[in-house]
Amino acid sequence: MRKFLPVPLTQEELHAILRAALMAPSSKGSHCWQFVVVKDSDTLQRLSRCKQVGADFLAGAPCAVVVLADPSVSDVWIEDASVASTMMLLQAEDLGIGSCWIQVRDRQTAEGTPAEDVVRDILQLPAHLRVLSIVALGQKGMERKPFNEDRLLWDKVTEWK
């Protein structure tokens, strides 16, 4: 979902989404992830320019969660933070809330500045934390067609005998 209504999430909705992230499994129970909730429209506007392509819709979202992790706590911080991000997306969908993952790690602005550095500067994040993604959240501002299950790539699945 890349189009949102200008309606804030309720505290209950946001709490349920963050609860799902905090319940996400992590390697060895390390819980290396951290989350920054952003509701300020000026900050969301600035974050929407953190990379060259694929974050502009963030300017129209009423809320976003920046997903961080500490690589010194877990060598699989990318996987752990990815699972937590996915848990938020699934919980949002279950609540009927629109959401979209914005990849930040290994992305850059048109000028070549790492997107992580842009996000870190805007939010004044400590240098030891890595920015994996931003999850945009809000009431759905468009209708999407249901997923066409005829397009599932079942040939990518092998059953071991």
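Which elements do the buried residues of α1 pack against? Before you click, note that this is a predicted model, where local features need pLDDT of at least 70, side-chain atom pairs count only at pLDDT 80 or more, and totals for chains, interfaces and linings use all residues. Numbering starts from 1 along each chain as its sequence is written, and side-chain values use heavy atoms, leaving out hydrogens and water.

**Stop 1: α1.** Colour Glu13, Leu14, Ala16, Ile17, Leu18, Ala20 and Ala21: they are buried (under 20% relative accessible area; exposed is over 50%, partly exposed in between, with a 1.4 Å probe and protein chains only). Now the opening question: these buried residues pack against β1 (33–38), β2 (63–69), α3 (77–94), β3 (97–103) and β4 (130–139), with contact meaning heavy atoms within 4.5 Å.

**Stop 2: α3.** Buried residues here include Trp77, Met88 and Leu89, and the buried set packs against α1, β1, β2, β3 and β4.

**Stop 3: Glu93 and Lys140.** Their side chains form a salt bridge at 3.3 Å, N to O (a Lys or Arg side-chain nitrogen within 4 Å of an Asp or Glu carboxyl oxygen). Glu93 sits in α3 and Lys140 in the segment after β4, so the pair ties together parts 47 residues apart in sequence.

**Stop 4: α4.** Show Arg120 and Asp117, which meet in a salt bridge (3.4 Å, N to O). Both lie in α4 (residues 115–123), three residues apart, about one turn of the helix.

Notes
Helices (H or I, at least four residues) and strands (E, at least two) are DSSP runs, numbered from the N terminus.
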